[in-house]
Amino acid sequence: MNLAWDSPWALWLLPLALLPLWAEPAATRACAWVPGMPRDPISDLLRWALKAAAVLALAALVVSLAGPYRAEYPVERTGKGAEIVLVLDRSRSMDQGFAGNSRGKAPTGTGPEALAYYARLQQARAGDSKGKVARQLLAEFAARRGEDRFGVIMFSTLPMRVLEFTQKEEVIQAAITAGNIGRGLSDTDIGLALESALSYYDDRPYTGSRMVLLVSDGGDHISPDMREHITERFRRLRVALYWIYIRSTNSPGLMRDSGEAPANTDTVPEYFLHRYFQQLGTPYRAYEAENTDDLQKAIADVDRLENLPITTIDTIPRRNLSPWAHGLALGCVLLLLGAQ
């Protein structure tokens, strides 16, 4: 049982629990002719039973004073899932609505194309923000994957480690919901966010699939030194990368159109970052989400792909056993009161 004690010195008081064995009822002492009475086996049995209850009550109280508990211990679990770090963009643009299928520049004039464009744009702005919808769908994603271990990072200018790896669903849901508080900053640094996400796997045994799930609505230019550092760590730690790119209004997307200048590949942050991720040398998938349906399909695809065998070590927390001793003592005392 891995039993331990907070105050083991209290166990030296256990011999005091034997005192009821020498106690005699007051009625017995008042009668002068008890030895002359015939033996009654049932009365003798009842007398010893009540004495045993008194001994047990005192012993249980002494044990409770010693503070018994079951120490924490590790348990190995095997299932299907992954170790997933959710990297959620908390920039100010995530508080805006979806692009609403409005890729490219806004059309001019008042023709049907322009009217349809502005109707989609107005509908997107009137709905929930990208960040709110993303957190809601990610919460459902985490709830479906009970055997995964999740870590959560929120980032804008700097990454913030909200949650270390855990399988506790209530804690995971609370960490994802925490992104609803306040407003984000205007800048983002995806390089620092990815570096912080990879640090989750440092000094951890490789027990199954590993994945960083980046949810962001913008790209970023990462310095050459940072790119080299991130690439080396992705390969060494064997971590897959999934990027759910949530397009904002008039955002360029992840791929350069055929009519665009080739120089845009290096100057447009989204193009640059997507091409860099493709050269990481580790499993990589990118999804473009222009609306809630696209986002839901992307998360469903991630759910389908990352479902390989995984072995995890879970820690069963410490359990206080004093209430059991209190309950036993209470039961014995109530029995004695009833007999009285």
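Let's start inside the protein: L88, D89, M94, G131, A134, R135, L138 and V215 line the largest cavity. Strand 4 (83–89) and helix 4 (130–144) are the elements that each give two or more residues to this lining. Helix 4 provides the largest share, 4 residues. Please keep in mind that you are looking at a predicted model.

What volume does the largest cavity have? It comes to about 40 Å³. The count of cavities of 30 Å³ or more is 1. By class, the lining of the largest cavity holds 5 nonpolar residues, 1 polar residue and 2 charged residues. Rolling a probe the size of a water molecule over the atoms is what shows where empty space is left.

Two packed helices are described by the angle between their axes and the distance between the axes. For helix 4 and helix 10 (residues 292–305), the angle is about 25° and the axes lie 10 Å apart. Angles under 35 degrees count as roughly parallel, and helix 4 and helix 10 are therefore roughly parallel to each other. Their crossing is right-handed.

Which residues bring helix 4 and helix 10 together? On the helix 4 side they are V133, A134, L137, L138, F141 and R144, and they meet T292, L295, Q296, I299, V302 and D303 of helix 10. This contact is made up of 8 nonpolar, 2 polar and 2 charged residues.

Now turn to a second pair, helix 2 (residues 41–65) and helix 11 (residues 322–339). Their axes come within 8 Å and cross at roughly 150°. Since angles over 145 degrees count as roughly antiparallel, helix 2 is roughly antiparallel to helix 11. Helix 2 passes helix 11 in a left-handed crossing.

From helix 2, the contact takes in L50, A53, A54, L56, A57, A60, L61, V63 and S64. Helix 11 answers with S322, A325, H326, L328, A329, C332, V333, L335, L336 and A339. How do the residues of this contact divide by class? There are 16 nonpolar and 3 polar residues, with no charged ones. The contact of helix 4 with helix 10, by contrast, has 2 charged residues.

Terms used: Residues numbered from 1 in each chain as written. Predicted model: local features only at pLDDT ≥ 70, side-chain atom pairs only at ≥ 80, totals over all residues. Heavy atoms only, no water. 1 Å grid on protein atoms, 1.4 Å probe; cavity = no way out; pocket = protein on both sides within 12 Å on 5 of 7 lines; lining within 4 Å. Points joined across faces, edges and corners; volume = space filled by probe spheres on them. Nonpolar A, V, L, I, M, F, W, Y, C, P; charged D, E, K, R; others polar. Axes fitted to C-alpha atoms, helices over the stretch in contact; angles between N-to-C directions. Parallel < 35°, antiparallel > 145°, perpendicular 65-115°, else oblique. Left-handed = near helix turned anticlockwise from the far one by under 90°. Contact = heavy atoms within 4.5 Å.
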